[in-house]
Amino acid sequence: MSRWMFLGLAGLTLLTGCSTTSMKGTPFYTGEYAEREGPAADRVNVWPLLYYRDPALSVLWPLMEFSPDHLAVRPFYSVYGREDDTPVRNVLWPVARFDPGKQKNRIFPVYWGDEYFNVWPLYWHKGDPFSGTGRNALFPLWIWNNKTTGSTLHVLWPFYANYNERTCRGWRLWPLYGAKDSPGGYDRFWAWPLIHFYENSAGGGQMVLPLWYRQRKGQSAVFYSLPWWSVLKADGSGWSASFPFYYNSRSEDGSVVITPLYAQKRQVDGALAWKCFIPFVYFDQTKDAHFMTPLGGAWRMGDEHRWLALPLLSGGRSDADSSRAVCAAGLVTWEKEQDTVRKSRVFPVYWWEKDSSFYTALYGRDRKTEYFLTPLVGRRIGDQSGSWVFPLYDSDRSKRYRSFGANVAAKRLSRESKTFTYLLLGRNSESWNYDVKQQWNSDLLASYRKQRRFWPLYSQRRNERYAVAEEASRLAFELKESRYLLLASSREDRSYDAAKPGGQEELIRHETRGGVFPLWKHTLKEDFKLGSSEETSSYLGFLFDARHEKQTGEEESAYVRRRVLWRLYHHENLNGDASTDVFPAITVDSYKNGYYKCSVFWRLFRYEKDPENGTKKLDLLFIPLRR
């Protein structure tokens, strides 16, 4: 009786919600169908004014929600975790929140909890800073921190501060003067940021702007001033300069000096490596001979000779075994090995590489292709076959072998493929991968791929994959196939169980997806091992959708759901027991055992027949006429 009284009061206040314990507050949530709790015949459907199905109630959806876990009258009040000892409450969320479990509460802008109290963003209090440890601040008037190691006080931050800690003592009156002393050093500033001196265990520094800046860290040091700059690194390298008149660098390779007219490098032992009279001539003592000018030069390193002619964009090298030259920025090149020319090129007249390729405007050939009269028309040769007429079509057929392991005859992977493209938009390709195993004396297909497309109108893909082992020709087989034509698409996935050579694979999983955007969408998932299937379809989005679930075996069941505009029409059938909701507030239930109920606006009109109890009930205008 109390339940019906509560529902009656809720109906009088015109409250609403969803039909799930979770009460997500959105019509697009599908969790209400994951756990179909409570007899469907006992529901009260006056949606969106009121909807009840044990144990959840919603009123004036989504403003009011009630369930064993939570209660909400949005946005005024909500409580979550009602079955816990420390439920969480919200009032005018997000203004007020009370969480006794975590001891965190707020009534914005006031936050309080376990040993803290804050009024955001000015006042902050934590712990017991006056007699123990903690913090108290009314920014920017004062900031007081008291720790086990000492205390700090800021007044009118950042102007005045006092430090009285175990590792730091001092004070500041910013920006005039500041001082800090620690066991490992000190820190001082005057007229910040113009003058600053500090020392610590890692190093130190001095700054008197704009006259100089100095910093030291370990064995490294930096010094900058108007006439002189220098950097010293821990390994002894570094540099010094007086720009633009002088530059000197030092490293493990030696030292370099550069001035506007002269530059040189010396080795670590002091021997001269090279020198340069800028910009006229350059000598390099580390090589047998080295001479360089702005127009080019030549040098020799042992048996190797090099030359460079910058105005001609040309250069080359030669030794006892080979030579190479590049002229006119690469338009003319040649290479020789053992007095035999291996490569030569005069662009765009010809390109030639011995035993490999030869290209001209009228004829070309390499190890894979050959063309006559024009590169736009040709054929494929060698291990490949096919031809092309650009941009009309291009075909390619190839076959390759790859070996694995020491026993080449025992296992190798072969690949065959053929590709045909046309008008740059169309493509037709197929590829096969085989496992070649000696003990089977046959080639076993490991994978297969096929693709057809004409962009952007049509596309088709098919992938097959086989798992191969020593004791079986195919352990498993997977097939994935997809198609699309303009806005229509389809996809099919199949998985087969193990099969011995000559055996028949067993289909264990099957999934299809298809649709015509945005008119229609369909999905089917079948698991033959688990004996389950799931099928969904929709038309024009949420205009109409359907769902079918089936489970075979010990827990055999069948579930069907059909909806129009989510709740305009809503029909469910579980194992032959049907429940239908029609907006506004019409419900019809028809069970296999003969049970029947029809209601309009809950008990504005209700007729119920229960053959198991031999009862009939009739209500009109909320008045019970028959019991």
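Phe583 counts as partly exposed, at 37% relative accessibility, where partly exposed denotes the range between buried (under 20% relative accessible area) and exposed (over 50%), for a 1.4 Å probe and protein chains only. The model is a predicted one, in which local features need pLDDT of at least 70 and side-chain atom pairs count only at pLDDT 80 or more, while totals for chains, interfaces and linings use all residues. Residues are numbered from 1 along each chain as its sequence is written, and side-chain values use heavy atoms, with hydrogens and water left out.

The loop that holds Phe583 runs between β57 (577-582) and β58 (586-590), strands being DSSP runs (E, at least two residues) numbered from the N terminus, as are helices (H or I, at least four). Leaving aside neighbours within four places in sequence, Phe583 is in contact with Trp47, Pro48, Arg567 and Leu568, contact meaning heavy atoms within 4.5 Å. A separation of 9.7 Å is found between the C-alpha atoms of Phe583 and Val600, which stand 17 residues apart along the chain.

Asp84 is likewise placed in a loop, in this case between β6 (77-80) and β7 (88-91), and with a relative accessible area of 49% Asp84 is partly exposed.

For the protein chain as a whole, one helix and 62 strands are assigned, and 32% of the 627 residues count as buried. Among contacts between residues at least 6 apart in sequence, 16% join residues at least 24 apart.
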